[in-house]
Amino acid sequence: MSNGGTALTPPGLRLAFATPGVVVLLLFFALPLSVIIIEAASEGGSAFGRLFEDPVFWKGLRGTLVLGTTAPLVSVAVGMVVAMHISRLSQAARTGLLFVISLPLTFSGLIVAYGFILVFGRAGFVTLSLAEFGADPAIVGGLIYSPAGLGIAYIYYLIPRVVLVVLPVLINFDEAQIDAARSLGASAPRAYFDVLLPQIYPSLLAAFCLTSAVAIGAYGTALALVGTQVNILPLMLYSKISETGSDFPAAAALSVVLMGICCMVISLAEIATRHTRPSMTTRSAK
Amino acid sequence: MPILFEAVSFAYPGTQTGVRAIDLAVGDGELVALIGPSGSGKSTCLKLLAGFYRPDHGRINVDGHDVDTLSPERRRLGIVFQHYALFPHMSTRDNVAYPLKVRGVTRAERRRAADEMLDRVGLSDLGDRAPKTLSGGQQQRVALARALVFKPRALLLDEPLSALDAGLRVAMRDEIRRVQREAGIATIHVTHDQEEALSIADRVAIMSDGAIVQIGKPDEVYDRPRTRFVARFVGQANFWPGMVGEENQVETPIGRLRHTQEGVRPGDKVLVLVRPERLDLFFEDHKTPPPNYFKGHVTQDRFLGSIRRFDFAVAGNLIRVETRNRAAPSAVAIPPDAVRLLPPDDNENKKGELS
């Protein structure tokens with residue numbers, strides 16, 4: 001250790017700097033997590049049994065997986081197009097647009113839900129405007145409270161995440177490759193498919209996994225928009241804790257399942273991006 | 001005619017920059033170099049021909065077909081890009097085979113054709129390597145092989161050597177010329193390096209401000225440039241303002257010079273051009289001095305290895321001279337046939353200039 005730290009960071013000082021972070025991590029992450037796992041495993045793990053026998057759980061799992069794949073898929077498609085556009089702009093325009101695009105990330109899910117209700121709800125601005133043209137407000141206004149509407153609200157704040165993940169890769173991409181492919185005989189779509197896609201797909205996959213994990217775990221927007229009517233796991237968990245409040249071990253088991261799904265999806269993203277990372281660093285080092 | 005530009009004009013949207021009234025014909029197997037400073041429109045010509053832009057006016061013909069309505073992929077032109085634009089996720093062989101792949105050639109056939117092409121550029125052993133692992137010169141060859149493998153109607157080279165270091169550039173110049181000759185393909189080579197252009201092109205077109213100011217064989221544009229701009233762009237030059245006198249004489253700030261140029265009349269204002277390597281040097285006083293003989297002394301002396309470039313002071317003016325000779329001369333003479341008379345500059349009436 002004698003030659004490990006420089007004069008500026010002796011081991012003792014380094015420990016002092018690390019302590020607050022470690023304490024927070026232990027107190028607010030490791031501890032609750034352990035409690036949940038212990039709670040779920042209490043009674044010999046019978047909580048899992050009860051959970052898996054509950055048809056509501058399986059419906060919730062299905063809903064969660066559908067929402068956790070469709071919303072990210074749409075977000076990745078839209079986000080990639082947006083990122084492609086931004087990557088071709090000047091530095092100034094890019095900075096400005098990125099600021100606007102990142103804004104939804106700072107909003108809480110409740111604000112997003114409230115905003116959607118004001119605009120697309122039964123008495124929403126868009127709903128009433130469309131009613132002028134003969135669209136039934138009951139149908140238009142109902143959309144936002146349906147699972148599809150929930151998906152749309154999710155997409156709204158998943159797209160910025162996709163843009164932020166994909167944009168650096170697109171900025172590094174040499175557009176002359178597309179020109180080259182076209183001059184060599186590839187149509188524009190074929191050039192993008194053959195040349196761009198293979199080079200950016202790891203980051204697309206990473207963006208998908210990241211947004212998928214967010215969509216699977218989020219509940220604020222869902223709760224505000226659809227209450228507990230739509231069957232998704234986070235809302236099921238919410239109702240187990242808040243309403244009935246009787247079966248804490250089952251709630252803990254559900255939490256463990258949710259965390260397991262999210263961890264799997266995130267590690268998928270890690271595996272997908274691991275190959276690309278070294279080449280990205282060499283490129284940016286140029 | 002494989003490549004034909006007819007009165008082609010183009011301006012980038014919302015700007016005045018682009019190209020104006022370009023007429024250019026490139027014959028079978030001919031290599032035409034487009035040179036000019038950056039922003040002179042040479043790359044724009046290439047992009048118009050490639051189909052990445054459409055002309056505002058005029059027409060572009062390839063092999064007798066009007067290509068202006070064709071998208072880039074349907075023009076069948078082989079392009080080598082400045083930084084090669086190789087596909088990093090494909091092997092060298094797959095890069096070369098790509099044009100055949102999009103044309104639906106069978107896997108076995110395109111592998112055979114790609115290997116044959118790699119062999120022609122001297123890379124037969126590197127087919128399985130990733131482009132990133134190749135040297136700059138090797139990547140250059142891969143790009144050339146990829147641009148030729150589908151037997152394009154013409155070859156377009158966009159500053160293909162600018163990313164290489166000096167020594168390799170000279171070697172690759174010959175390589176490009178060799179491969180181009182073998183393929184017998186009409187070629188446009190864009191570069192800002194005049195030496196590169198003069199050394200490999202059949203004809204050189206000099207561009208300035210979006211227009212071709214002169215086109216001709218390399219020795220033609222070097223020896224008989226039409227303007228100061230051309231003279232200066234293709235090599236070193238002495239310039240003096242002049243007034244044509246009687247009997248093949250021209251008055252200049254360094255004195256009266258004899259010339260051999262036809263078609264000028266006494267009283268014409270001209271710009272006198274003398275290439276620095278055309279001067280004769282004298283190390284002792286000459287009893288019967290030749291025409292255009294000047295005594296003086298060396299001021300600035302620059303050793304460039306194979307040659308020396310020095311400034312020779314005469315009568316308050318400087319003559320720039322290039323020579324292999326390492327001794328300092330006491331006098332120089334300008335052979336009359338080395339004196340070129342160009343149209344006078346409109347806006348630059350300086351008293352003389354070295355360039």
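This is a predicted model: local features need pLDDT of at least 70, side-chain atom pairs count only at pLDDT 80 or more; totals for chains, interfaces and linings use all residues.
Start with chain B and colour its two domains: the C-alpha centres of domain 1 of chain B and domain 2 of chain B lie 39 Å apart. Select 3-228 for domain 1 and 236-354 for domain 2; these bounds come from an automatic or database domain assignment. Where the two domains touch, domain 1 of chain B puts in 5 residues and domain 2 of chain B 6 residues. Here, contact is when the C-beta atoms of two residues, placed from the backbone, lie within 7 Å. On the domain 1 side of that contact you'll find 1 nonpolar, 1 polar and 3 charged residues.

Residues are numbered from 1 along each chain as its sequence is written, while chains are lettered from A and ligands numbered from 1 in the order in which they are written.

Contacts link 18 residues of chain B with 15 residues of chain A. Pick out strand S6 (77-80) and helix H2 (92-102) of chain B, the elements that each give two or more residues to this side. H2(B) gives the most, with 3 residues. Helices (H or I, at least four residues) and strands (E, at least two) are DSSP runs, numbered from the N terminus.

Now go inside. Select B:Leu49, B:Leu156 and B:Val272, which have the most contacts within the largest nonpolar core, a set of 98 residues. Such a core joins buried Ala, Val, Leu, Ile, Met, Phe, Trp, Tyr and Cys residues through C-beta atoms within 7 Å; buried means that 20 or more other C-beta atoms lie within 10 Å of a residue's own. Helix H4 (residues 136-148) of chain B supplies the largest share, 6 residues.

Finish at the open sheet of 3 strands in chain B, ordered S17-S18-S19 with antiparallel pairing. Its edge strands are S17 (297-303) and S19 (317-323) of chain B. Strands count as paired if DSSP finds at least two bridges between them. Strand S18 (residues 308-314) of chain B pairs with S19(B) over 7 bridges. Zoom in on B:Phe310, which stands opposite B:Val321 in S19(B).

Definitions and conventions:
Ala, Val, Leu, Ile, Met, Phe, Trp, Tyr, Cys and Pro count as nonpolar, Asp, Glu, Lys and Arg as charged, and the others, Gly among them, as polar. A residue is buried if 20 or more other C-beta atoms lie within 10 Å of its own, exposed if 12 or fewer, and partly exposed in between; C-beta atoms are placed from the backbone.
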